[in-house]
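Hello,

Here is the structure I promised to hand over. Please open it first, then read my notes below.

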Amino acid sequence: MAARGGVAVEERVGQVVLPGDVLVVPAHPDEDGERLRLGAPPAPHTRLLCGPGLRRCDAGLLVTKCGLLRHRQAAGGAYWVDSQQKRYVPIKGDHAIGIVTAKAGDVFKLDVGGSEQASLSYLAFEGATKRNRPNVQVGDLIYGQFVVANKDMEPEMVCVDSSGRSSGMGIIGQDGFLFKVSLGLIRKLLAPKSEIIQELSQLYPFEMVLGMNGRIWVKARTVQQTLIIVNILEACEYMTAEQRKQAFAKLSGN
Amino acid sequence: MKPSPVSNCERRFLLRAIEEGKRLDGRQCYDYRNVRISFGTEYGCCIVELGKTRVLAQVSCELVPPKPSRPTEGILFVNLELSPMAAPGLEPGRQSDLLVKLNRQIERCLRNSRCIDTESLCVVAGEKVWQIRLDMHLLNHDGNIIDAASIAGIVALCHFRRPDVSVQGEEVTVYTPEERDPVPLSIHHMPICVSFAFFQQGTYLLVDPSEREERVMDGLLVIAMNKHQEICTIDSSGGIVLLKNQVLRCSKITAVKVAEITELIQKALENDQKVRKEGGKFGFAESIPNQKITAFKMESAAVDTNNVEEQAEEIITKADPPSEVFANPVLYTPGTAQIGEGIENSWGDFEESEREEAAEEEGEGDATASECQKMEIEGTSIIEETKTDEPILLSDSEEEEVVILQPQELPKKTRAQTNLKQGSTSKKAFIKRRKKKRAAH
């Protein structure tokens, strides 16, 4: 670790980092060497953001996950680690797919794949009132958004946005199939103009819901077509872009 | 951490796919997943992969005093452990129902079948015998732990070498591997478990269920067999009623699978032996350079995606046209008439069906696949419904609707032509027969 200790953070961007690595954030030339820019930023544009997988320590940034180190220049710069983990930790604002496990009074309990179950009020649906309850059964799938997610409290989800509209959230239909992929793949799929999604959409029409918790719900016209989509997406995890293009070419050729 | 529950849509989709004869990973109903065996650097250590399910087995031995009841027999101790590493829902160190069940099955498969010659493990009768300890760890859980564990267990036992000993008078000498070559255990036979999952009360059968199939199955049948086609244990759980011919069919499939797996095991053992002799890279070391960041590789061409839509069209065009609808009841004899779509006169001989019925009643409890006859009396008409569910033919269910009239009309002797192909496995058979009830007069 001592050997890794002195690596500057810029040098490792795009490379694999391991838990325990210490990355040094270069100090300002006008500041003394011991004080970091992180501590008290003299100007707002030099503020540095610590994303997932990184933690501040005395020497600089401590890596807590293994994966690729990423950097974004916007707003002073942000560093984070892109990892391929499977375990989901709820984060406020994330859209996730939950499975209803219990109906307890006026809240539903949802399994979102995290360490704790999330709660969802029956009033947190579009158009729901005390009289007009949503029809939710145990075992149903719900696509919602986290409004409370921190390490000390039970996470809470809602199915409406701030203006009270559902905006795509709510109960997912009875048909279709749910499966899990790694969180890294979900982020790849949810990226704007994701190649995989664009290529998939050229095959045949289907519906898809992507949850940040690694769950994907897919429904195509037939069972066979749904199975194909499921298999392609599961395989995408282990395929390079080229292999994927070949696979899609083979599929669309038929 | 609780295992994540199965949602309704998963359950429905899986059952529907199984009804159509499709599985998630593109296997056929009777297909086994790929088995991969790799050995450790030391003797008696192996990892068996069954699809994504992985089991690590390690054999060790020590000299212990024998059990007082069996002073000349060595001891075989078997233990399987599940850890949260395999699946987040599994808890460490807790004797869950699943773990107890698995351990019992493994023990019955390996120890009670006497696959190891325990008498050869005796060093000094009544004083010192070898205790062979087989430890197994589940590294990844993707269903069918029992099969993977039974393969891993027997492979590790076959691979294991115990130190050589010599007895001179009272003195027992244990030789190190440098002094004398270690000796293998004497294995009589190799019992291997094969699991069968049953769905919809035994209507559908799948070999080697994956984790998600295990979660929606109704019952499980595990048969342990060796390559001489001797059944070592048989275990049915889930509380479903199985017919005799289902069990027989399963045992036949088991014989085929066991023969394949035994051959694979022997090949793997020979390979390992050869490589060790030549001094090349063996054990896990051999597989290290090939392994990328992800240990699992996706098998290619899992689902047959060739011209899905064309095939569907083809099936529809090739299928038989729907059978005719008989609006008027066809009377054979007084009191016997038929009506409805696709009249089929296989039960025309009334006595025969009655005989069958009597035979069915004898075989009590076979409710799943027996003919269920329901009699309804509506005014003057008796509507008899005969339902035949064949448990194994996956897409064959017939329903007939029969109106039995009182003999007031002249009996028409015209028999309906049978245009329904019986036993055809085409998807056509799925066409629902509409029930038409008609009261006479």
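In chain A, Leu54(A) stands opposite Val63(A) in β6(A). A word on terms: helices (H or I, at least four residues) and strands (E, at least two) are DSSP runs, numbered from the N terminus. Two strands pair if DSSP finds at least two bridges between them.

This is a predicted model, where local features need pLDDT of at least 70, side-chain atom pairs count only at pLDDT 80 or more, and totals for chains, interfaces and linings use all residues. Residues are numbered from 1 along each chain as its sequence is written, chains are lettered from A and ligands numbered from 1 in the order in which they are written, and side-chain values use heavy atoms, with hydrogens and water left out.

**Sheets of chain A**

Back to Leu54(A) and Val63(A). Strand β6 of chain A covers residues 60-63, and four bridges join β5(A) to β6(A). The two run antiparallel. Both belong to an open sheet of four strands, in the order β1-β3-β6-β5, with mixed pairing. At the edges stand β1 (7-8) and β5 (54-57) of chain A; each has a single partner strand, so one side of each lacks a neighbour in the sheet.

Another open sheet of four strands in chain A has the order β2-β7-β8-β4, again with mixed pairing. Its edges are β2 (16-17) and β4 (49-50), each with a single partner strand, so one side of each has no neighbour in the sheet. Strands β7 (residues 67-72) and β8 (residues 78-82) of chain A run antiparallel, joined by five bridges. Here Leu68(A) stands opposite Asp82(A) of β8(A).

**Where a helix of A meets a helix of B**

Helix α4 (residues 223-236) of chain A and helix α1 (residues 8-19) of chain B have axes that come within 10 Å and cross at roughly 115°. Axes are lines fitted to C-alpha atoms, for helices over the stretch in contact, and angles run from 0 to 180 degrees between N-to-C directions. So α4(A) and α1(B) are roughly perpendicular (under 35 degrees is roughly parallel, over 145 roughly antiparallel, 65 to 115 roughly perpendicular, the rest oblique). Val223(A), Thr226(A) and Leu227(A) of α4(A) make the contact with Phe13(B), Arg16(B) and Ala17(B) of α1(B) (contact means heavy atoms within 4.5 Å).

**Chain B annotation**

An unreviewed UniProt entry annotates residues 32-163 and 189-253 of chain B as "domain: Exoribonuclease phosphorolytic". Such annotations may be inferred rather than shown by experiment. Residues 32-163 of chain B are 22% helix and 36% strand.

Best wishes
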